Amino acid sequence: MYILISVIMIAVLVAADQIIKFWAAGSLEPVGTIPFWRIGNQKIIDFTYVENDGAVFGSFGGKRIVLIAVTTILVGVCVYFLYRYKTSSKLMFISLNMIIAGGIGNWIDRVFRNGLVIDYIEVKLFNFAVFNFADICITLGVAFILIYILFIEKRDDKKEEVASNAK
């Protein structure tokens, strides 16, 4: 059952990522930027078409094969942990699925778009990188895992210790 849920969740997230990137390539590439969210004269978020040949903040630019290999390995590691710990925590389950989906979404771009990942969300409120839905999935997945490790796992371990001492 968990495998089916994972496959569906990953497929939906990857499909959403690819559909949005298809929209960005068709609608944003010809115009560059479309204003999205303003408060008065203050720009908050724009949709801006960017082709990124690197990883986070443009690191490893032009290293397509390396990025494909690293992404493949990291997605594989996440699949392993997902399979191994699928029932340990709903938060961990969702987090790993999000990371896998985001990795696959950007991997598809690197493989089928000549190494270029399409980014389109530009935070204008402060100078920040342009990113995409797959990046959001990865970032939230990692953040949720950190929350689990820092706050939830320790609490669960204490409960198990108290239960074993009571026996």
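Asp119 sits in strand S3, residues 117-123 (strands are DSSP E runs of at least two residues, helices H or I runs of at least four, both numbered from the N terminus). This is a predicted model, in which local features need pLDDT of at least 70 and side-chain atom pairs count only at pLDDT 80 or more, while totals for chains, interfaces and linings use all residues. Residues are numbered from 1 along each chain as its sequence is written, and side-chain values use heavy atoms, leaving out hydrogens and water.

Asp119 is buried but has no salt bridge, and Lys21, the nearest side chain of opposite charge, is 6.3 Å away. Here, buried means under 20% relative accessible area, exposed over 50%, and partly exposed in between (1.4 Å probe, protein chains only). Lys and Arg count as positive, Asp and Glu as negative, and His and the chain ends are not counted. A salt bridge puts a side-chain nitrogen of Lys or Arg within 4 Å of a carboxyl oxygen of Asp or Glu.

Which salt bridges does the structure hold? The whole structure has five, and the table shows some of them.

| Salt bridge | N to O distance |
|---|---|
| Asp17 and Lys21 | 2.9 Å |
| Asp46 and Arg38 | 2.5 Å |
| Lys124 and Glu122 | 3.6 Å |

Salt bridges with shared partners link Asp17, Lys21, Asp109 and Arg113 into one network. Asp17 and Lys21 are four residues apart in helix H1 (residues 2-28), about one turn of the helix, and both are buried. Asp46 counts as buried because its relative accessibility is 3%, whereas Arg38, at 29%, is partly exposed.
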